[in-house]
Protein chains: 2
Amino acid sequence: MQLPDDYIIAPDPTAPRLTRTVSGIDHTGARTDISVVEERPLTIYLNAQEVVTAMTIGDYPEFLAVGFLRNQGMLADGEEITGIDYDEELEVVVVRTASQTTYEEKVKKKTRTSGCAVGTVFGDMMEGLVGLTLPAVPVKTSWLYTLAHQINTTPSLYLEAGAIHGTVLCQGDKPLVYMEDVGRHNAVDKIAGWMMLNGVPAEDKILYTTGRLTSEMVIKTALMGIPVLASRSGFTAWGVEIARQVGLTCIGRMRGKRFVCLSGAERLDWDVDPDSIPEESKRSGRKAAE
Amino acid sequence: MQLPDDYIIAPDPTAPRLTRTVSGIDHTGARTDISVVEERPLTIYLNAQEVVTAMTIGDYPEFLAVGFLRNQGMLADGEEITGIDYDEELEVVVVRTASQTTYEEKVKKKTRTSGCAVGTVFGDMMEGLVGLTLPAVPVKTSWLYTLAHQINTTPSLYLEAGAIHGTVLCQGDKPLVYMEDVGRHNAVDKIAGWMMLNGVPAEDKILYTTGRLTSEMVIKTALMGIPVLASRSGFTAWGVEIARQVGLTCIGRMRGKRFVCLSGAERLDWDVDPDSIPEESKRSGRKAAE
């Protein structure tokens with residue numbers, strides 16, 4: 001079993017602020033106490049501009065804010081962050097930059113025309129993909145199996161309380177940073193924020209997620225510059241299309257020895273016989289966050 | 001097995017527009033063709049006001065638009081809808097009302113102050129809950145078991161292609177309207193839109209979802225006036241808190257004979273011995289959309 005010590009950041013299922021015990025009644029009519037994950041609003045500001053209210057489990061608000069802004073193209077890679085202020089009571093996090101960002105200009109422009117900036121968010125993400133090509137990095141299939149096994153046996157809020165998604169930044173066969181959140185995309189954004197604030201290179205990394213490989217997940221991974229995305233869950237057609245356009249290796253439906261690669265299969269290095277991989281046991285297998 | 005004919009609306013896993021066959025490589029290195037769900041942007045307008053771009057599988061855009069606007073409190077129940085125009089090529093749907101809605105006024109006001117209306121969306125949903133109390137409707141546990149079994153054996157896009165969420169409007173032990181979508185909340189919004197446009201009463205209904213019982217799911221169900229929410233997935237703490245405040249009966253973790261009720265358990269009528277319910281078989285059991 002992978003110990004949390006081997007990670008740079010691992011889930012802390014014992015953290016009191018992240019879960020709560022709630023009493024209920026089970027199917028036999030008996031009283032039961034179950035552990036459920038917390039969910040809190042967090043309002044993210046970029047300088048004086050309110051950007052979004054995210055529903056989050058509440059850990060690493062600074063990483064979430066910076067990663068969200070970066071993945072939306074509101075913070076460029078070279079942007080100088082002069083401060084991040086988190087107010088737990090107000091549930092607000094403010095990211096400050098040395099100068100006004102292009103996002104603030106865009107919001108002003110958009111406001112003058114249609115009165116609301118919601119529609120720009122996704123458009124800005126797509127814009128960031130133009131001309132992007134990820135490096136064609138080889139991926140050993142043994143890494144995929146080792147990562148899946150290690151991640152699935154790491155103590156986590158998921159195993160403790162369920163109803164949560166996990167995303168893990170990996171290098172070769174080593175998981176490095178494991179984030180969980182009630183929102184699938186928050187977990188990815190927290191990793192993006194950690195990478196940006198620590199100046200961590202992306203081109204030698206693999207991103208593993210419990211969630212589906214939707215367009216948004218594929219776009220975020222590509223914008224982060226990570227060339228490989230793996231998941232135990234399935235694909236959407238548009239997610240696959242974008243992955244192929246930008247050269248993102250995309251592996252899904254990873255369960256036991258099985259997986260399907262719908263983009264970048266030519267980069268896979270089959271260095272292990274799949275028949276030597278045990279089927280996922282009912283006990284260690286993660287169930288669905290859904 | 002429940003036949004689709006028994007539903008008013010059931011999934012149509014054979015609809016050519018909703019899935020696509022994509023070629024890839026499996027874990028043995030062999031070519032494999034798999035069916036994946038489509039995912040399309042849909043931009044929703046309320047009169048001349050652009051509101052949001054949702055990622056959706058693309059069926060029932062009119063129901064999705066009306067249900068989204070209603071669940072966000074942007075369309076009141078008595079609001080007169082004078083037209084709904086969907087343009088498939090532009091991926092735009094416009095909902096027209098006889099007079100300007102309060103939402104448009106709010107956006108204008110918000111725009112003048114902070115320049116962006118994103119933050120209002122969740123606040124408006126919470127506002128709609130003030131003073132709301134759902135009717136204390138009894139729920140037979142036999143209904144829950146029958147519904148879960150029928151829904152899990154209904155042919156669906158989920159069973160065909162995976163990576164999708166389902167939500168079903170039910171009455172007693174009968175599923176009526178079964179919507180699926182790549183976005184969990186889209187499936188609920190499509191049901192809300194169908195109910196609003198058909199004048200369907202809510203107080204005798206049960207909402208079943210494959211997704212987690214998060215705050216947003218609980219709030220949407222409460223705003224729709226549906227007094228019972230059931231899921232095969234888990235809870236968040238805030239979701240439970242809101243459910244208790246508004247008197248929403250909340251049943252989660254429904255698998256085989258098991259379930260947990262964390263709100264409204266006093267309304268359950270144990271009319272069947274749980275031991276008479278078979279365990280969920282591996283084959284008929286739905287896996288995770290995640």
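Two residues count as being in contact if their C-beta atoms, placed from the backbone, lie within 7 Å. What you see here is a predicted model.

Under that definition, helix 8 of chain B, residues 237-246, lies across strands of both chains: strand 1 (19-26) and strand 2 of chain A, together with strand 12 and strand 13 of chain B. Its direction is about 60 degrees to strand 13 of chain B.

Those strands belong to an open sheet of eight, with mixed pairing, in the order 2(A)-1(A)-13(B)-12(B)-11(B)-10(B)-8(B)-9(B). At the edges stand strand 2 (31-37) of chain A and strand 9 (174-181) of chain B; each has a single partner strand, so one side of each is left without a neighbour in the sheet. On average, neighbouring strands are turned by 30 degrees against each other, direction ignored.

One pairing in detail. Strand 8 (165-171) and strand 10 (206-209) of chain B are antiparallel, with four bridges. B:Val168 has B:Tyr208 of strand 10 as its bridge partner.

Helix 4 of chain B, residues 141-152, also lies across the sheet, over strands 8, 9, 10, 11, 12 and 13 of chain B, at about 45 degrees to strand 9.

Last, a helix pair in chain A. The axes of helix 7 (215-223) and helix 8 (237-246) come within 7 Å and cross at roughly 20 degrees. That angle is why the two helices are called roughly parallel. The crossing is right-handed. Helix 7 contributes A:Ser215, A:Met217, A:Val218, A:Ile219 and A:Ala222 to the contact, and helix 8 contributes A:Trp238, A:Gly239, A:Ile242, A:Ala243 and A:Val246. By class, that contact has eight nonpolar, two polar and no charged residues.

Technical notes:
Residues are numbered from 1 along each chain as its sequence is written. Chains are lettered from A and ligands numbered from 1 in the order in which they are written. This is a predicted model: local features need pLDDT of at least 70, side-chain atom pairs count only at pLDDT 80 or more; totals for chains, interfaces and linings use all residues. Axes are lines fitted to C-alpha atoms, for helices over the stretch in contact, and angles run from 0 to 180 degrees between N-to-C directions. Angles under 35 degrees count as roughly parallel, over 145 as roughly antiparallel, 65 to 115 as roughly perpendicular and the rest as oblique. A crossing is left-handed if the near helix is turned anticlockwise from the far one by less than a right angle, and right-handed if clockwise. Ala, Val, Leu, Ile, Met, Phe, Trp, Tyr, Cys and Pro count as nonpolar, Asp, Glu, Lys and Arg as charged, and the others, Gly among them, as polar. Two strands pair if DSSP finds at least two bridges between them.
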